[in-house]
Amino acid sequence: MLHSSDQGGVCTVKDAQVSRPSSLRGELRAALIAVFLGGPAAVCGAGSTAASDPLTEVRALIDSGHFANAEARIAAALATPSLSAGQREQLAFERERMRRIRLDFTLTAADAQARLRRQIPDLTPAEFAAWDAAGLLEHEVIDGRTLYFKRAPSNLFHLSPAALARRNSSTPAWTDGPMERANAHHREVREQALATGKHSVAPRHVRVTYSITVNPDAAPAGETLRAWLPFPRALPGQQENVRLIESTPRQHTLAPESALQRTVYLEQPAVAGKPTKFSITYELTVFAQYNPIDPDKVVPAPATPALAKYVAERPPHIVFTDDIRRFSREIVGDEKNPYRIAQKLFAAVDRIPWAGAREYSTITNISDYALHAGHADCGQQTLLLMTLLRLNGIPARWQSGWVYSDGDYNNMHDWGWLYLAPYGWVPMDVTFGRLDSGDAQLDGFYLGGLDAYRIAFNDDYSQPLVPAKRHFRSETVDSQRGEVEWRGGNLYFDQWDYDFEAHVLATQR
């Protein structure tokens, strides 16, 4: 998604200039604009596609920060009797997307500086301006007003060593997940796999309680609240013995194993002035993964119907744009071995700094965003790597869920799998990336291996829920927090909270 800045033109029906993010490399800007917006003729010119396709024009206006114009175009389009029901729903979601963007981009420059001064008390306006000009403080220009992403101040310390060096050392630092550094568990996994010849080892038996608490009066009293709570599938060799123990309320609908984004569905009436809580408790056994891969044995994946969809584009988030192709050529060079290509692409995406993400539903093309934003979170990095792998004929697919520890750490997380013949499907976690332990074999653990401290809820992205949701989803890509709605509409993330508790029990097969 294009990030607006104070420089550059604006996109209207007559003018294809677009506000541009200062963080983009100059040589990529023109290509990105052409690819993303379909070129000037496709978006803004008289007799263009936009003239007959209001959705294309509306998306371009929103992505260039012209919300008032987009709202006017939506209203005009919705007043057209010939518009299909599908087009009406898509346009209604674009209106909702603007609302969600506004919830993510809430800070003025003064607000952003004030937040930074909590950790850099003597921050100077010149420092802020320099970091801003370098594209390190994500912002949008919405109808001429510059607004910063609400996590931009905290993200700065992930993106700028200079800012990190200026940070008040008495301020508590963020904590990386325990599996993001080489530890005894990684060694346990590798040693067991090599000793036994098995790829699934070092199991952990886990009990999880997950809950959603809806804010008081988020829906009128007496109205039925409908909630979908994420729940794991049984995946042989990865997670087994999946058992739902209890739910609150007791009556529930468990989605079938075939649901690629599996959930437990619950209903409960809203009570005036009181929060509404939904909860599930379940147990499962999670296995770590390790595949000792010999690059010289790896050959191109067979061209089979079963693998075909995993090397294909899948708009809107997996698209082989000109910029993706250019980036791939720069990284891959003349390499032909699929595993070595994967290693190069994995390392390149791993170099993109992690930063807290805006809501995925607000981003038009996530892999493109990850390539150009100067930072990415786990799901954005994974989609970018999947796109690059598929472009190079290496099958890749999505997985996501929750990571946890024996202590008090837990977090949502996304990763993936790639297909390497003759080994088959092997896991990848580009966000945990290279471990830098000094042991070359251990350092590459997350290209072919996974720890046992993660639960997969989703084996694909943007999949339907069971039972079907009636209104817009809060999360259109992933499914880790869950979903809530009532007869009157969706309840977005600002209207409810969630909690995940995991406890490792005695291991059992």
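This is a predicted model: local features need pLDDT of at least 70, side-chain atom pairs count only at pLDDT 80 or more; totals for chains, interfaces and linings use all residues.
Let's start with the overall picture. The protein has 17 helices and 17 strands, where helices (H or I, at least four residues) and strands (E, at least two) are DSSP runs, numbered from the N terminus. Of its 509 residues, 54% are buried; buried means under 20% relative accessible area, exposed means over 50%, and partly exposed is in between, using a 1.4 Å probe and protein chains only. Among contacts (heavy atoms within 4.5 Å) with a separation of 6 or more, 69% are between residues 24 or more positions apart.

Now back to our pair. Helix α14 covers residues 338–350 and helix α16 covers residues 378–391, and they pack at about 150° with axes 10 Å apart. Those axes are lines fitted to C-alpha atoms, for helices over the stretch in contact, with angles from 0 to 180 degrees between N-to-C directions. Angles under 35 degrees count as roughly parallel, over 145 as roughly antiparallel, 65 to 115 as roughly perpendicular and the rest as oblique. As for who touches whom, A342, L345, F346 and V349 of α14 meet Q381, L384, L385, L388 and L389 of α16. Sorted by class, that's eight nonpolar residues, one polar and no charged ones. (Ala, Val, Leu, Ile, Met, Phe, Trp, Tyr, Cys and Pro count as nonpolar, Asp, Glu, Lys and Arg as charged, and the others, Gly among them, as polar.)

Y339 is buried, at 9% relative accessible area. Setting aside neighbours within four places in sequence, Y339 is in contact with I293, P295, V298, L420 and L447. Take P295: Y339 is 44 residues from it in sequence, yet their C-alpha atoms are 5.9 Å apart.

For another helix pair, look at α7 (residues 109–117) and α9 (residues 152–159), which pack at about 60° with axes 9 Å apart. That makes α7 oblique to α9. A112, R115 and L116 of α7 make the contact with P153, L156 and F157 of α9.

On to charges. Side chains of opposite charge can pair when their charged atoms come close. A salt bridge is a side-chain nitrogen of Lys or Arg within 4 Å of a carboxyl oxygen of Asp or Glu, and this structure holds 32 of them. One joins R481 to E359, with the closest N and O atoms 3.0 Å apart. R481 lies in the loop between β14 (454–458) and β15 (483–486), and E359 in the loop between α14 and α15 (366–372), so the pair ties together parts 122 residues apart in sequence. R481 is buried at 13%, and E359 is buried at 14%. R481 also forms a salt bridge with E475, at 3.5 Å between the closest N and O atoms.

What about D176 and R181? They form a salt bridge as well, but D176 is partly exposed at 34% and R181 is exposed at 57%.

Note on methods
Residues are numbered from 1 along each chain as its sequence is written. Side-chain values use heavy atoms; hydrogens and water are left out.
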